[in-house]
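Student: I would like to learn how to read a structure feature by feature, beginning with a single residue and its place in the fold. Could we take it slowly?

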Amino acid sequence: MLFVTIAFNSQKIAAQGCVAIKGNATSCMSIHADSTNVSGWQFASSGRYFRSFRHFSGTEENKDRLVQKTEVINYTSVFNLSLTRILNNRWSVMVDLPISNNVRSSLYEHGLVNGTYVKRERNSTSSFGIGDIRFAAYRWMLDPAKSTNGNIQLGLGIKLPTGDYNYKDYFYNVGPNGTKELRPVDQSIQLGDGGTGFTFEVNTFYNFIENFGVYGNFYYLINPREQNGTRTYRETLASRLANEAIMSVPDQYMFRAGFNYSVNQIKGLSLAAGARLEGIPVNDLVGGSGDFRRPGYIWSVEPSINYEYKKVVLFASVPFAVVRNRTQSVTDKENSVTTGTHVQGDAAFADYTINIGISTRF
């Protein structure tokens, strides 16, 4: 039997740079619920790391930023702990806790006083702590005991604003006489978004033969709150950025699909490869979409490897970005109308991410 369910314990999708997608998007290939997996517990821990530094406006890379050494560099590490209670062969409930450590190296954020650079130099800000906790419930729509070749799982959840969305660190040469000031860090490294959100998930698989099949995952976070009150200080950069003075609370999404193959020669070893899309929309499904956000998306090619031994599953994946797009935000569009010229901000993206983890049933 091919174990092909992609079970992802993400509370939100992990940031791919300045496009502030919080939380975690690591995944593991685990046994799907069947007649032998009636009830019990599953614990998973996973980590994700990336370094974002390539700036894009739309799909065009601003390569001059690297040449001039003005790029923003984000180093992000996210560690997730999730506990799942399998109630029976159809129903399960889950709680997920993310812990993140972020460092942001920037030139333009330090040294600006009243719109004028007094001492422009590269410095770093950082954040560390728990993120937004998520609770979710899942149900297999087909009887797992009968539908062994394929199934669909639906999930509904709630995300609580437990992560600090006004995390502060020192910015240098920004105060009177070039002093440092304690200010909120950039949206991309805030620990939470400040909103109570609702998540919808679809996980599915189908086995063509015993050791070869396909998988698919879809995740969407609805954040009804429009803004969280955290100041960005972007209005100090230029007058046209006055409508970006407060941080938005955006929706988030992720989609994955691909093929997986169980290696007959090595019991418990599975390989997978597919496409991955993750991003922040320009407009939310519910509530307003104004204030400051960096909308955009990343298409990646995602190879992964999974090894199962008894009740333990080890997993790893490395999505490689193939398309990066920093789309026009609502405020970009407003500024385009006001100025009569096309306005579109940029964002830094990573070349790849590293996801690793372990899960165990008990």
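Tutor: Let us begin with Ala348, whose place is in strand E23 (residues 347–361), where helices (H or I, at least four residues) and strands (E, at least two) are DSSP runs, numbered from the N terminus. This is a predicted model, in which local features need pLDDT of at least 70 and side-chain atom pairs count only at pLDDT 80 or more, whereas totals for chains, interfaces and linings use all residues. Residues are numbered from 1 along each chain as its sequence is written, and side-chain values use heavy atoms, with hydrogens and water left out.

Student: Is Ala348 buried or exposed?

Tutor: Buried means under 20% relative accessible area, exposed over 50%, and partly exposed in between (1.4 Å probe, protein chains only). Ala348 has a relative accessible area of 0%, so it is buried. Although Ala348 and Ile73 are 275 residues apart in sequence, their C-alpha atoms are 7.4 Å apart in space.

Student: Which contacts does the side chain of Arg324 make?

Tutor: A polar contact is a pair of N or O atoms within 3.5 Å; within protein, one must be able to donate a hydrogen and the other to accept it, and residues adjacent in sequence count only if both atoms are side-chain atoms. Arg324 is found in strand E22, and its relative accessibility is 13%, which means that Arg324 counts as buried. The side chain of Arg324 reaches the backbone oxygen of Ala350 at 3.1 Å, and a polar contact of 2.9 Å joins the side chains of Arg324 and Asp351.

Student: Where is Gln328, and what does its side chain contact?

Tutor: Gln328 belongs to the loop between strand E22 (320–325) and helix H2 (330–339), and with a relative accessible area of 18% it is buried. Its side chain makes a polar contact with the side chain of Ser336 at 3.1 Å, while a polar atom of the Gln328 side chain lies 2.8 Å from the backbone oxygen of Val343.

Student: Which residues of H2 are buried?

Tutor: As a general idea, an α-helix has 3.6 residues a turn, so residues three or four places apart point the same way. In H2, the buried residues are Val330, Thr331, Asp332, Asn335 and Ser336. After H2 comes Gly340, whose phi is positive, near 80 degrees.

Student: Which residues have a positive phi without being a glycine?

Tutor: Most residues other than glycine have a negative phi, and most peptide bonds are trans. Here Lys69 has a positive phi of about 60 degrees although it is not a glycine; Lys69 is found in the loop between helix H1 (64–67) and strand E5 (73–86), and with 61% relative accessibility it counts as exposed. Asp291, also not a glycine, has a positive phi of about 65 degrees and is found in the loop between strand E19 (269–280) and strand E20 (296–309).

Student: How many aromatic pairs does the structure hold?

Tutor: A pair of aromatic rings is described by the distance of the centres and the angle of the planes. Rings of Phe, Tyr and Trp (its six-membered ring) pair if their centres lie within 6.5 Å; planes under 30 degrees apart count as stacked, over 60 as edge-to-face and the rest as tilted. The structure holds seven aromatic pairs. In one of them, the rings of Phe212 and Phe259 have their centres 5.8 Å apart and their planes at 10 degrees, so the pair is stacked. This pair links distant parts of the chain, with Phe212 in strand E15 (residues 212–222) and Phe259 in strand E18 (residues 252–262), 47 residues apart. Phe212 is partly exposed, with a relative accessible area of 29%, and Phe259 is partly exposed at 47%. Tyr220 and Tyr253 form another stacked aromatic pair, 6.4 Å centre to centre with 10 degrees between the planes, and both of these tyrosines are buried.

Student: What can be said about the second largest cavity?

Tutor: Rolling a probe the size of a water molecule over the atoms shows where empty space is left. On a 1 Å grid over the protein atoms alone, a cavity is a set of points where a 1.4 Å probe fits but cannot get out, and lining residues have an atom within 4 Å of a point; grid points are joined across faces, edges and corners, and a volume is the space filled by probe spheres set on the points. The second largest cavity has a volume of about 230 Å³ and is lined by 18 residues, of which Glu109, Phe171, Thr232, Tyr233 and Arg234 lie nearest its centre.

Technical notes. On a 1 Å grid over the protein atoms alone, a cavity is a set of points where a 1.4 Å probe fits but cannot get out, and a pocket is an open set with protein on both sides within 12 Å along at least five of seven lines; lining residues have an atom within 4 Å of a point.
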